[in-house]
Amino acid sequence: MDPNVFRLMAQCPPGLEPLLVSELKGLGIRATALQGGASWTGGWSDLMAANLHLRVASRVLVELGTFGARALGELERKGGALPWDRVPRAAPARFRVSSSRSRLYHEGAIEERLRNAGDLPAPAESAGIGDVVGARGDADLDAGDGTPDAGGPLVVVRVHRDKVTVRLDTSGEHLHRRGYRLHVGVAPLRETLASALLLAGPMSDSPSAAPPPVVDPFCGSGTVAIEAALLARRIAPGLALADRTPRHFAFRDWPDFPQAAWELEVEAARADILPELPGRTAIFGSDRDAGVLEAAAANAERAGVLEDLHLATATLSKAPGPEELASAGVPPGWLVTNPPYGGRLGDRRRLRALYTSLGRAFGPGGRFAAGWSLLYFSGDPVLDAATGLPLEERFATSHGGLRVRAVAMEGAGEDSGEDSGEEPREA
Ligand SMILES: C[S@@+](CC[C@H](N)C(=O)[O-])C[C@H]1O[C@@H](n2cnc3c(N)ncnc32)[C@H](O)[C@@H]1O
């Protein structure tokens, strides 16, 4: 096979596959959804563009090969035919192996035989053969699963029904690490999940459309607001630092990395960036915690989008946005957020009161009535019920080990007067 044609796979948290496929389509790539990702055949330009532009992907991998094997000898013999010269040797490779419904089940032994096949030395300070995570489906190949980001090239091996697939990571650090978020609050949202929320709601239209206003009244370290600004200004997530230099990607260490083509790809992405938010897009972020707001501002500054955001310390009932926009004649937009939910922050009783207040803000007389839409990550259906709103699920995924659902109510609010009042404080 032509060494410049790759079987590519982008991974994403489970539940985000349709968003990933649609992002790839936006890049001109027709991909097939898999559990926990999407795959397609493409060249260097696809590989580079996917890493630079995908907002919900965790990693992009290339397939080194796939073959049947039912015994370790067969694995090593067939594994010897893979193009291991693609794996950089400057640092020892790390393996992530999973096996299911197969004769070959000992993940440490699979790693050892493939290291032999590829003549790849084991890391000196490795916890040893078998320093791998357990058997999972492709869905769980999303990083954030215990595989450290730092280190040598990552080889991902999947054995399923006696079929071995060996892939090499092209991304390096997990793609949610855009580089801007050095300061975090108590329960930060992953950048990829914040983007997923936005792409499932206010930013679902084609990138040429000016997105509607976005308000996050529980903004914490600012992830939703910052990702909204990156999206609205068409800033590729791989260029999310203020100076718009690309973050590092593992493929840049490959022996045949096409430097000139990469520079063109980066230049094209830079040329696409809007100097400011388009049209009537406005982004408001607020939180009752002044300390976390400082973190949000520092992060936004690192991302070069501080000027695009209205950040303020405020409780939910005073969260800026709707009045300012209405007086400027801007139509209602979306409240997109990651509110506190049980298990990590506060307790259910206090949170119920907070969610009731959120619901009231969208009900008759509420500040977010009159056409505002709501989209948030829910970790607890009891709290959703406390809003009293007809919420619909947009997608379900996991975050920090918890199953979370993105729930929405689109433009259903009606305006009939004044907001009813202050929400109780949540611990
Ligand atoms: C799950 S965190 C949000 C994390 C954020 N998405 C991030 O990436 O950092 C929830 C936030 O809600 C804030 N909060 C809790 N109760 C609030 C209230 N009544 N009004 C405003 N903010 C509140 C907390 O201070 C916390 O920062």
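**View 1. His176 counts as buried, because its relative accessibility is 8% (buried is under 20% relative accessible area, exposed over 50%, partly exposed in between, with a 1.4 Å probe and protein chains only).** This is a predicted model, so local features need pLDDT of at least 70 and side-chain atom pairs pLDDT 80 or more, while totals for chains, interfaces and linings use all residues. Numbering runs from 1 along each chain as its sequence is written, and side-chain values use heavy atoms, with hydrogens and water left out. His176 sits in the loop between strand 7 (163-169) and helix 5; helices (H or I, at least four residues) and strands (E, at least two) are DSSP runs, numbered from the N terminus. Setting aside neighbours within four places in sequence, His176 touches Arg190, Glu191 and Thr192 (contact means heavy atoms within 4.5 Å).

**View 2. Helix 5 (residues 191-199) is mostly covered.** Here 9 of its 9 residues are buried, including Glu191, Thr192 and Leu193.

**View 3. Helix 10 (residues 348-362) has the span it should.** At 1.5 Å a residue, its 15 residues should span 21 Å, and the end C-alpha atoms are 21 Å apart, so the two agree (the expected span is 1.5 Å times one less than the number of residues). Among the buried residues of helix 10 are Leu351, Leu354, Tyr355 and Phe362. What covers the buried residues includes strand 11 (334-337), strand 12 (373-378), helix 11 (381-387) and strand 14 (402-409).
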